[in-house]
Amino acid sequence: MLLGLTCILAAMMVIFVVQNRRPVSVLVGGLYLGLIVIILAYILVWIKYGGATGTVDLMLYLTRGVKRWLLYLPISASALSCALLLGKSLFLASVMLLAVSLSGPRRPWVQGLLYGLGALLPALHCAALSPAGYQLYAETPFFRTHQMQLFDTVRVLYLIWLAACFAMLVCQYRKLRIAWVKKSFYYILLLVCYLDFLFVLFAVLGPIQVSDSTSVYYVHSNFLYRQNPWGCALFVLSGFFFAVSGSQALWKYLEVCRSIGRPDVSISKRLRDSNTSVRMFTHGMKNQFLVMRSILNEMQRDETLSDQQRQQVEELSALARTMLLRMEELRNVFRTNAMVLVPVERPSEIVDAALELLGSTAVPLRVERAAEKPVLADRQHLAEALCSVMTNAVDAIAAKGGPGPGDEIEVRLYENRGSMVFEVRDTGEGIEKKALRRIFEPFYTSRNTKTNWGMGLTYVQQVVRGHYGEVSIESQVGQGTSLYLTIPVYTSAREEL
């Protein structure tokens, strides 16, 4: 059954690396690979140094044929010891590097120091307990007298290492404020927790060094040597529980990533494909409407028109002006190359500019500004994008018959994991899940009116991408919507030093 456990871990490792093409997948893959090597080495250690019979035999190896094949597998004690140490060192290095990479930005020298410790200390652990290193001190009187105490000390150090890494991840989790980021991070946290338990089960409670038969001592060897089927069953089932639970957390993490990332891929392609054609279209249409407006202006000066005809001409003129504004809006959506990014020390100035563009509204609007950090931004374009989001929030509340008691728009500005977040939250009608996948598509809107052509969020996304940022959205029907514009924090070279 332990072989089945390694198969589960191997399958989840492959799925994760293939499905999640991000740097984190390499480190999580290192956790899985380290555990696979540890468990396989554990199985070989047990069969080479004693073996089992009956029910215990079945739980460890499934069949006697597998046991016999493993027993006669030509692998030396030194090679087995090296494999066990490499698995442990790979897991310890991966969990530390994962914790450092996910726990937010730091000063470069601090980040470098933590990465160095994450790689150096497991390497030293591997060298100190390798067969060659072990022989240097194995015969000393002090080691012979305190061998078990020293090995238990190593186990305590393992636990301290795991606890420190997990604490870093928990601290980062508590700092997160964007809900979907926190949700995906929660599943990574669960995954690391379950994999840590597997490491404790097989590495901390297992043998520390196996090249010398006198050193093959480990905590749960007692119930195995006594052929206790209940203890062995508990041991194996615990391993399966942690592996399956970790796999479930991993799968949910991938689901969150897919639900957020997949629409962006198709949308970005649509925008790229339509850039040229839309610019040509808007240029031609704008010229036609300018000609129409000129003709209508001439008609308005005609004194022979009746009142009804004059009213119709005025309506056509107003419609032409609206269409010209729409063509200009459509052209702006696809001209992000015209943006000029400059350091903005106080991003709250962008919020103030967006509020000025929005003007007065019937909906109560609350603004919250937390600690600010500089960003690289085009003030005008980003303020227009933020104003477009606020306008959508006003329309969402109006669409449900508001504003009523408790209705409001909340605009928040705060720092999150090396980025400044502009959050706009409303208490409007909300957006259905099916519509969420299409809200960034050009011309898609659930409120098609003379003033809403479905280009607002397309423009917002184009502008934010031009700032090397991201747009994310959360919504519940009947409760409201939260939209996040995330822009990277700007750090000058002098500040980094």
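## Two helices side by side

Helix 5 and helix 6 run roughly antiparallel to each other, a label for angles over 145 degrees, with under 35 called roughly parallel, 65 to 115 roughly perpendicular and the rest oblique. They pack at an angle of about 170°, with their axes 9 Å apart. Here axes are lines fitted to C-alpha atoms, for helices over the stretch in contact, and angles run from 0 to 180 degrees between N-to-C directions. Helix 5 covers residues 77–102 and helix 6 covers residues 108–129. Helices (H or I, at least four residues) and strands (E, at least two) are DSSP runs, numbered from the N terminus.

Who is touching whom? On the helix 5 side, the contact (heavy atoms within 4.5 Å) includes Leu85, Leu92 and Met96, while helix 6 brings residues including Leu114, Tyr115 and Pro122. The residues of this contact split into 12 nonpolar, 6 polar and 1 charged. In that count, Ala, Val, Leu, Ile, Met, Phe, Trp, Tyr, Cys and Pro are nonpolar, Asp, Glu, Lys and Arg are charged, and the others, Gly among them, are polar.

## What you're looking at

This is a predicted model, where local features need pLDDT of at least 70 and side-chain atom pairs count only at pLDDT 80 or more, while totals for chains, interfaces and linings use all residues. Residues are numbered from 1 along each chain as its sequence is written, and side-chain values use heavy atoms, with hydrogens and water left out.

Helix 6 has 22 residues and reaches 32 Å from its first C-alpha to its last, close to the expected 32 Å. The expected span is 1.5 Å times one less than the number of residues. Gln111, Gly118, Pro122, His125, Cys126 and Leu129 of helix 6 are buried. Buried means under 20% relative accessible area, exposed over 50%, and partly exposed in between (1.4 Å probe, protein chains only). These buried residues of helix 6 pack against helix 5, helix 7 (131–137) and helix 8 (141–175).

Helix 14 (residues 379–399) has 21 residues and reaches 30 Å, close to the 30 Å expected. Just after helix 14, Gly401 takes a positive phi of about 95°.

Side chains of opposite charge can pair when their charged atoms come close. A salt bridge here is a side-chain nitrogen of Lys or Arg within 4 Å of a carboxyl oxygen of Asp or Glu, and a search of the whole structure finds 13 of them. One of these joins Glu368 and Arg412, whose closest N and O atoms are 3.8 Å apart. That pair links distant parts of the chain, with Glu368 in strand 2 (residues 365–369) and Arg412 in strand 4 (residues 409–416), 44 residues apart. Glu368 is partly exposed at 31% relative accessibility, whereas Arg412 is buried at 11%.

Arg425 meets Glu410 in a salt bridge (4.0 Å, N to O). Arg425 also pairs with Glu423, with the closest N and O atoms 2.5 Å apart. Arg425 is partly exposed at 32%, but Glu423 is buried with a relative accessible area of 0%. Salt bridges that share partners join Arg366, Glu368, Glu408, Glu410, Arg412, Glu423 and Arg425 into one network.

Most residues other than glycine have a negative phi. Tyr468 isn't a glycine, yet Tyr468 has a positive phi of about 60°. You'll find Tyr468 in the loop between helix 16 (456–466) and strand 6 (470–476), and at 68% relative accessibility Tyr468 counts as exposed.
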